[in-house]
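Take a moment to look over the sequence and the 3D structure shown here.

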Amino acid sequence: MAAMVIEAFAPDMTHFEKGRDFAAWLGLVPKQNSSGGKIRLGQTSKMGQRDIRRALITGAMSRITGHARQSSSAAPWLQDKLDSKPKMVAAIALANKIARQIWAMITKEENYQPDQTAAA
């Protein structure tokens with residue numbers, strides 16, 4: 001579903017210089033209020049394409065719920081998020097990561113390669 005939504009609503013991925021730019025366009029990265037070398041990150045902006053963002057967050061929540069239902073541990077970085085943050089915050093972080101992976105796959109014209117260390 002997310003792939004169809006991205007294909008329908010997202011602009012050409014070459015317009016974005018890096019994956020973070022695409023994730024920022026979607027509204028999945030925190031607002032940055034930095035000054036004097038001190039980095040301050042706030043809430044996610046939610047200013048981007050709502051349909052794509054919703055599809056990615058729904059997919060991320062589905063993955064988190066699947067790990068909880070199967071009583072299996074997620075990837076180490078995601079498990080750390082789940083242990084220390086609310087589920088929705090972890091889902092947005094996962095959606096951000098998925099958006100960056102999608103940008104990389106499209107711009108490099110590669111197929112999805114699952115991480116073998118996460119599956120082990």
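Predicted model: local features only at pLDDT ≥ 70, side-chain atom pairs only at ≥ 80, totals over all residues.

Residues are numbered from 1 along each chain as its sequence is written, and side-chain values use heavy atoms, with hydrogens and water left out.

**The whole chain**

- You will find six helices and two strands in the chain; helices (H or I, at least four residues) and strands (E, at least two) are DSSP runs, numbered from the N terminus.
- The chain has 120 residues, and 28% of them count as buried (under 20% relative accessible area, with exposed meaning over 50% and partly exposed in between, using a 1.4 Å probe and protein chains only).
- Take the contacts (heavy atoms within 4.5 Å) between residues at least 6 apart in sequence: 52% of these join residues at least 24 apart.

- Helix H3 covers residues 50-69, and its 20 residues reach 28 Å from first C-alpha to last, close to the expected 28 Å (1.5 Å times one less than the number of residues).
- Which residues of H3 are buried? They are Ile52, Arg53, Leu56, Ile57, Ala60, Ile64 and His67.
- These residues lie on the same side of H3 because they cover an arc of only 125 degrees around the axis (taken from the directions from the helix axis to the C-beta atoms).
- Arg50 and Arg69, on the other side of H3, are exposed.
- The partners packed against the buried residues of H3 are helices H1 (2-9), H2 (19-26), H4 (76-84) and H5 (87-108).

**Where H3 meets H5**

- The axes of H3 and H5 come within 8 Å and cross at roughly 115 degrees (axes are lines fitted to C-alpha atoms, for helices over the stretch in contact, and angles run from 0 to 180 degrees between N-to-C directions).
- Residues of H3 in this contact include Leu56, Met61 and Arg63, and their counterparts in H5 include Lys87, Ala91 and Ile98.

- Glu109 counts as exposed because its relative accessibility is 73%.
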